[in-house]
Every structure is written in structure tokens, then in C-alpha cells.
Amino acid sequence: MTAQTEKRRRVAVIGAGIVGACTALEMARAGFNVTVIDASQPGGEQAASYGNGAFISPASIIPMSVPGLWRKVPAYLLDKAGPLTINWTSLPRLAPWLVRFLRAGWTEERLRRTVSSLDSLLHDGPDRHLALAQTVGAPSLIQRNGILYAYPNRAAYLSEAPFWALRRQAGLQWRELDAEALHAEEPALAPCYSFGVLVESGAQCLDPGAYVRAILAASGATMKQARVTGLAHEARSVIAVETEFGPVPTDIAVLTAGMGSAKIARTIGDNIPLEAERGYHVELPDPPIRLRRPVMPSDGKMANTMTAGGLRAAGQVELSSADAAPDWRRADILLQHLTRTYPALASVDQGKARRWQGNRPSTPDGLPVIGAASLSGLWYGFGHGHLGLNAAPHTAALLADLVLGRPTGIDIAPFSHKRFARAG
Ligand SMILES: Cc1cc2nc3c(=O)[nH]c(=O)nc-3n(C[C@H](O)[C@H](O)[C@H](O)COP(=O)(O)OP(=O)(O)OC[C@H]3O[C@@H](n4cnc5c(N)ncnc54)[C@H](O)[C@@H]3O)c2cc1C
């Protein structure tokens, strides 16, 4: 610890999802006195970290916005059972974010830059999680059996060939499976899938909510339940986190509040475009099949994972306001895909399926916001969109490096919030 950081002993972590939990642990390991502030129960259903697809996939380096996407969007939107929907009354508010979103993936060059930044953050995600689960005394919560991408046929895989080529360039390795090999690897899959890609380095979490709680418990951080409303500062240096119950004095604050982060950042003048890519999951308790590893069927665009609660299907992108009521028809679409993908589920009582809705905290360019805020002593770690489970341990390590003034090992300039000011 340098002389400058020596004086700054107290760290307040705002938000106790997977990013906040990992950050609290890293800061505690670095010798800080850590307080975690969350408006709700850590690891609870309000957090994206509770209900995600539980994939820890080094293949998740392709952002949502890619060249030519605009041509496909109308078809997606017209397909009522498709993976994307938009609440038209929210369109005027969403429009600036959508324009930035499309611009971010407009050219091959922009896509390549984003892939490279995401790869630097995600490529060793499974290794980091395996080590983390050991450290916090919950080794069984992370399992590495690979991740299987299932396609109706080879042509469907080839239609995504440019993305797999980018993954190859990033160093990812996988095994291609013909129909026979695919069904040997995952016998529960419907016969209509005849081509697969097995990414053997991929891993999964068995219980994302319990994982968050285990990490927080291991951090030894002081927990405070309160809604954060802003930050108090003197001479542009943070001195306290403002909450509904009064200020929490601190030397350093780290904002890891997922979807709640942009509102808090705005109170100090940092305007960061963050929208909710709302998602859903359905979970079938005691299903008649057990997947050997997580599966992503290319047509359903959903993550199918065995979790502590059963067989989970997570997915869908619903662009609407973060606090709108859930539209459970989106969860039903996932359930329909699930029963089509695994015929043995046809006999299952669908009434037993548990349904969940949560908000992916998404920036328009698909990159999280990691780094210094405009206030001295305030650091950002949010905006992880579709990949926050995977990226959380690395994000937390980067934040600890930054706070301690250590080299980060990767180029973090692409994650700065200042990129949005530059882009206008
Ligand atoms: C359907 C779906 C599937 C997904 N699948 C995957 C996947 O397979 N793999 C993957 O890597 N990622 C996946 N993701 C993305 C991942 O879940 C998120 O990126 C990640 O959970 C974000 O974590 P977080 O800690 O930033 O935010 P969150 O988990 O949302 O936590 C934020 C916390 O901040 C608290 N908070 C918010 N505002 C305030 C405030 N003002 N005051 C105090 N506390 C506050 C909240 O209560 C919450 O506990 C998926 C997401 C969804 C929705």
C-alpha cells in the first residue's frame, strides 16, 4: 500500500450483486476496512446476479451490437416468440441509447475493438471463478464441464462463422460435434439439433444468489441495508455515501449498484448511458432430465443450466423501463423453447416452473464502466450487461489495482466512463 492510500482505510462498496461482492472481497484482502451498502438482501431476487443464466463462458466476447444487426431487428421484433422485444412507449427515452448501440457495432473495426476489450476481461473468467469459489469455501458452487452451443445444423453454425472466427483469433478453442457426437455429449437434446460446438474451458455457477452471499461472508465486510441516494464530497473528494438513513463516512467509494448505478453517478455530474436489457428466467424444479453441462440452443437464444433450483432457462431481451412490471409472456416463451429443445420435458407440469425477471445493466457499446469517476476517491464498476457473472472477479481485481495504484495488467482505457463524453 502506498503512503497515499495508507491514509484511505475505509472503503464503501455500493451494491451487493456479484460485482459488489467480489469487489468487497478484493478490498478486504487489500487491507481496507470495507462496508457494503445495499438497499435489499445481497444475492436477492432484485439483483441480476440472482437470476442470470449462470454461464461463465470465455466465448461471450461478441457484443449484442454487430455490423448488419439493424437488418435483422425488424424480423426479431415482428416475431412474437423471438428473443427481442421493445416497449414502444419507452422508445423516445430509449432512442439516444439505441442510436449509440447501433453505432457501436456499425463497422467490423469497431466490433474487433470491442471483442478485444471483452476478451481481455473474460478469457480467464472460469479460472478466476474456480479459484474464488475455493477461496470463499464454496468450491462446489462453480463447476467446469464445458459449455455446449447447439445448432439445428451446420449451416446455422456457419451463419455465425464470422463471430467464431473472431473467437478463434482471440485464442478460444473448441470442438465441433456432428449429430452423433452432439447427442452423445447431450442425450436430452431434441433430434432436430445436428451440430454442436463444445467450449471445454467454459464453466457455470450452480447457485448464483448463494455464491454472492458466500463471497460477501468470506469478505468479512460490514453490511448495511440502505438505499444510496448520492455522494458527499469536499473539494471534489468523496467523504461519505449518502443513504436514506443518513451519511456513511468513507475515504473511498466503489459504485457497483448494477442498474442503480447511473442514477447515483448522475448526482456528481457523470452522465453514463445505462439502460435495462430486461431478461427472464424459468426454472423447473426436479426435471426428468439432467443436462451434463450448460447448453445454448442457437434458435432459442437462451442459457439452459442445471442449478440448485432445477433446470433454468434464462434469456430474452426486453427494452423497456427498468421498473416496469414484468411481462410474464416473455418467461413463457422461454418455457416453450425449453420443452421443444428437450422433448423429455413435454410431460412436466409447467405450473411448477418458477419465473423471474431481472435487469441487465447495459451500456450501448457492450463494455462495462470500470475506472475512476469524476470525483476523487470514487471508482466505478458497473454496466456489465450480459456478462457480469463472468467478469466480476476480474473487474474486482482491476478495481483493487486501481485503488492501490498497481498496474492493471490489461488496457482499461476502453472501460472509462469518459468514452461517452467523447462520443457525444
Ligand atoms: C436473464 C439474464 C441472464 C444472464 N445470464 C448471464 C450469464 O449466463 N453469464 C453472465 O456472466 N452474466 C449473465 N447475465 C448478466 C449478469 O447477471 C449481470 O451482468 C450481473 O449480475 C450484474 O451484476 P451487478 O453486481 O453489477 O448488478 P446486480 O446483480 O443487479 O446487483 C446490483 C445491486 O445493487 C443494489 N442497488 C441498486 N441500486 C441501489 C441503491 N441506490 N442503493 C443501494 N443498493 C442499490 C441492488 O439491490 C443489487 O443488489 C444475465 C442477466 C440476465 C438478466
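**Exercise 1. Find which residues Ile215 touches, leaving out residues up to four places away in sequence.**

Solution. Ile215 touches Ile18, Ala21, Cys22, Leu25, Leu132 and Val136. Contact here means heavy atoms within 4.5 Å.

Buried means under 20% relative accessible area, exposed over 50%, partly exposed in between (1.4 Å probe, protein chains only). Helices (H or I, at least four residues) and strands (E, at least two) are DSSP runs, numbered from the N terminus.

The model is predicted: local features need pLDDT of at least 70, side-chain atom pairs count only at pLDDT 80 or more, and totals for chains, interfaces and linings use all residues. Residues are numbered from 1 along each chain as its sequence is written, and side-chain values use heavy atoms, with hydrogens and water left out.

**Exercise 2. Describe the setting of His281 in strand S15.**

Solution. Start with the strand: S15 spans residues 275–284. Then check burial. His281 counts as buried because its relative accessibility is 3%. Now look for a polar partner. A polar atom of the His281 side chain lies 2.9 Å from the backbone oxygen of Gly51. Last, list the neighbours. Beyond four places in sequence, His281 touches Tyr50, Gly51, Arg312, Ala313, Ala314, Ala331, Leu334, Arg354, Arg355 and Trp356.

**Exercise 3. Locate Glu200 and identify its contacts.**

Solution. Glu200 sits in the loop between strand S8 (195–199) and strand S9 (203–205). With a relative accessible area of 46%, Glu200 is partly exposed. Leaving aside neighbours within four places, Glu200 is in contact with Arg144, Gly146 and Arg175. Take Gly146: its C-alpha is 3.9 Å from that of Glu200, across 54 residues of sequence. Take Arg175: its side chain makes a polar contact with the side chain of Glu200, at 3.3 Å. A polar contact is a pair of N or O atoms within 3.5 Å; within protein, one must be able to donate a hydrogen and the other to accept it, and residues adjacent in sequence count only if both atoms are side-chain atoms.

**Exercise 4. Give the phi of Ala54 and of Gln316, and place each residue.**

Solution. Begin with the background. Most residues other than glycine have a negative phi. Ala54 has a positive phi of about 70 degrees. Ala54 lies in the loop between helix H3 (48–51) and strand S3 (55–56). At 1% relative accessibility, Ala54 counts as buried. Gln316 has a positive phi too, near 75 degrees. Gln316 belongs to strand S18 (residues 310–319). At 2% relative accessibility, Gln316 counts as buried.
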